[in-house]
Amino acid sequence: MSREKLSKDAIATALAELDGWSLAADGASIKRKFVFKNFSEAFAFMTRVALAAEKMDHHPDWSNVYKTVGVTLNTHDAGGVTALDIELAKKMNRYFG
């Protein structure tokens with residue numbers, strides 16, 4: 001997976017296919033909030049994503065408050081959104097259901 005920064009057009013195209021994701025205010029990352037039925041479901045989701053992220057060697061910036069998981073994705077060494085971020089966002093959406 002490429003760590004090359006995507007163009008604004010490429011990001012916009014990818015976001016059109018990523019339910020729930022949007023461009024963050026900084027323009028250099030994408031974000032989404034996932035809301036679950038309870039803390040256990042949120043934590044299980046985070047565990048599953050953590051295992052996938054580790055395999056990808058690409059880790060989210062995220063937070064968890066009770067049943068809500070807030071996620072921001074970008075590739076720090078590229079200075080913006082890359083194909084890795086899009087792939088991890090797709091995985092998160094699949095895990096969310």
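Q: Why is asparagine 93 called buried in this model?

A: This is a predicted model, and in it asparagine 93 has 16% relative accessibility. Buried means under 20% relative accessible area, so with its 16% asparagine 93 counts as buried.

Q: Where is asparagine 93, and which residues does it touch?

A: Asparagine 93 sits in helix H3. Leaving aside residues up to four places away in sequence, asparagine 93 touches Leu18, Asp19, Trp21, Arg32 and Phe34.

Q: How do you know whether phenylalanine 34 is buried or exposed?

A: Look at its value: phenylalanine 34 has 0% relative accessibility. The cut-off for buried is under 20%, so phenylalanine 34 counts as buried. You will find phenylalanine 34 in strand E2.

Q: Which residues does phenylalanine 34 touch?

A: Not counting residues up to four places away in sequence, its contacts include Trp21, Phe45, Val69, Val71, Met92, Asn93 and Phe96. Lys67 and Thr68 are also among the residues that phenylalanine 34 touches.

Q: What makes E1 and E3 edge strands?

A: Start with the sheet: 4 strands form an open sheet in the order E1-E2-E4-E3, with antiparallel pairing. Strand E1 (22–23) and strand E3 (61–65) each have a single partner strand, so one side of each is left without a neighbour in the sheet.

Q: How do you know that E2 and E4 are paired?

A: Count the bridges: 6 bridges join E2 to E4, and the two run antiparallel. Pairing calls for at least two bridges, so E2 and E4 pass with their 6. As an example, isoleucine 30 has leucine 73 in E4 as its bridge partner.

Q: How many residues lie between E3 and E4 in their hairpin?

A: There are 2 residues between them, and tyrosine 66 is in the turn. Phi of tyrosine 66 is near 50 degrees, a positive value in a residue other than glycine.

Q: Why is tyrosine 66 called exposed?

A: Tyrosine 66 has a relative accessible area of 51%. Exposed means over 50%, so tyrosine 66 counts as exposed.

Q: Why is phenylalanine 43 called partly exposed?

A: Phenylalanine 43, in helix H2 (residues 39–56), has 47% relative accessibility. Buried means under 20% and exposed over 50%, with partly exposed in between, so 47% makes phenylalanine 43 partly exposed.

Q: Which residues form a nonpolar patch on the surface?

A: Phe39, Phe43, Val65 and Tyr66 form it, with about 450 Å² of accessible area together.

Q: Where is aspartate 57, and what is its phi?

A: Aspartate 57 lies in the loop between H2 and E3. Its phi is near 55 degrees, a positive value in a residue other than glycine.

Q: Which strands does helix H3 lie across?

A: Helix H3 (residues 83–96) lies across strand E2 (30–35), E3 and E4, and runs at about 10 degrees to E2.

Note on methods:
Residues numbered from 1 in each chain as written. Predicted model: local features only at pLDDT ≥ 70, side-chain atom pairs only at ≥ 80, totals over all residues. Heavy atoms only, no water. Contact = heavy atoms within 4.5 Å. Axes fitted to C-alpha atoms, helices over the stretch in contact; angles between N-to-C directions. Buried < 20%, exposed > 50% of the residue type's maximum accessible area, 1.4 Å probe, protein only. Patch = residues over 30% accessible without salt bridge, like charges linked within 9 Å, V, L, I, M, F, W, Y side chains within 5 Å. Areas by Shrake-Rupley, 256 points an atom, 1.4 Å probe, with all protein chains shown as cover. Salt bridge = Lys/Arg side-chain N within 4 Å of Asp/Glu carboxyl O.
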